[in-house]
Amino acid sequence: MSQASDLNSNLTSDPNPSPNALSFQPTCSLAALKARAKLYSQLRGFFAERDVLEVETPILSQAAVTDVHLASVAVQRHISGRAQAHYLQTSPEFPMKRLLASGSGPIYQICKVFRDDEHGRKHNSEFTMLEWYRPHLSLKGLMHEVTDLLNLVLAERFGEVRPMILSYKQAFIQRVELNPLQASLAELKNSARRVGLNIDLGDDRLAYIDLLFSHLVEPSLGFDTPVFLTDFPPEMASLAKVKQDEDGEWVAARFELYIEGLELANAYDELIDAEVLQQRFEADNAERLQRGMIAMPIDHYLLAALPHMSECSGIALGIDRLLMVIQQKMQLAQVITFPAEHS
């Protein structure tokens, strides 16, 4: 048997190989490996044509994300003989913004990121992210660039794609018949009970919004055409600016990309006010402590960099999920070599 044939025989699309002699095999196929290599080549060519610089930043940091919905993986390493707790990145966002503030111009990165205890059909605690930043480009301009990228990498499957723009409020009203920006806690709880979501989330209004969105709205998005979901509730701003929508309601200046019910990307009109961002970090940590979680160390390098950063839009796109769409796979394990449980 040739070497190539031997490799092919050692690859399987079964995401749950049995615990026998075959358990050393990857969970993806050879075709998936080739599709990933092709995608990386396409992405690098795409950004090279647009003079966007590929960069590399550390995956370990002294600081960590404070978001209460994200869990960092902590590790211990020694610097000058002294043991320190550092954190694997959940995103390369913070160091990339330090590069932007230092005058890098438009940049992108393809890298591994880590989020503790995220596993399932669409999740793995280690995954691959494409992140890029465009100084002086609006979110609408970034949508056009994302559309160009989709028409490059999805051409064989879909031909030309023309994403539609839909606000979070519009999508929520269509499926839940409530305005998430105005709905009371009682209205949200009643809507959840009415559709059989009998989960007690206390008085956490935002948690009920997220529950209804994840069960009723998200699974319906992006089947006829990709969807840019815009203008999220302001409590979901994270590192984005807030603005007023056409109805005068405050919303987060961000969008997410959905294809076939799968969230592929998350984009911000980047917040560059260091004082406001520090307040958000501190509020996150206060909420963490209230929930019995540990407070995370704040990235003061990032806060020092923001006053030197230009207006900018940025986006993070999940490579593995994009490959699920390209390869028409239902399991993340079918497009990566070794999921956490087999690594």
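User: Where is the place of Glu177?
Analyst: In this predicted model, Glu177 is in the loop between helix H6 (168-176) and helix H7 (185-194), where helices (H or I, at least four residues) and strands (E, at least two) are DSSP runs, numbered from the N terminus. Residues are numbered from 1 along each chain as its sequence is written, local features need pLDDT of at least 70, side-chain atom pairs count only at pLDDT 80 or more, and totals for chains, interfaces and linings use all residues. Side-chain values use heavy atoms, with hydrogens and water left out.

User: And what is phi of Glu177 near?
Analyst: Phi of Glu177 is near 65°, a positive value in a residue other than glycine. Most residues other than glycine have a negative phi.

User: Is Glu177 buried or exposed?
Analyst: Glu177 is exposed, with a relative accessible area of 67% (buried means under 20% relative accessible area, exposed over 50%, partly exposed in between, with a 1.4 Å probe and protein chains only).

User: What about Glu260, where is its place?
Analyst: Glu260 is in the loop between strand E10 (250-259) and strand E11 (262-269); its phi, near 55°, is a positive value in a residue other than glycine, and Glu260 counts as partly exposed at 30% relative accessibility.

User: Switching topic, which residues line the largest cavity?
Analyst: The lining consists of Ser167, Lys169, Asp231, Asp245, Glu246 and Val251. A cavity is a set of points, on a 1 Å grid over the protein atoms alone, where a 1.4 Å probe fits but cannot get out, and lining residues have an atom within 4 Å of a point.

Methods. 1 Å grid on protein atoms, 1.4 Å probe; cavity = no way out; pocket = protein on both sides within 12 Å on 5 of 7 lines; lining within 4 Å.
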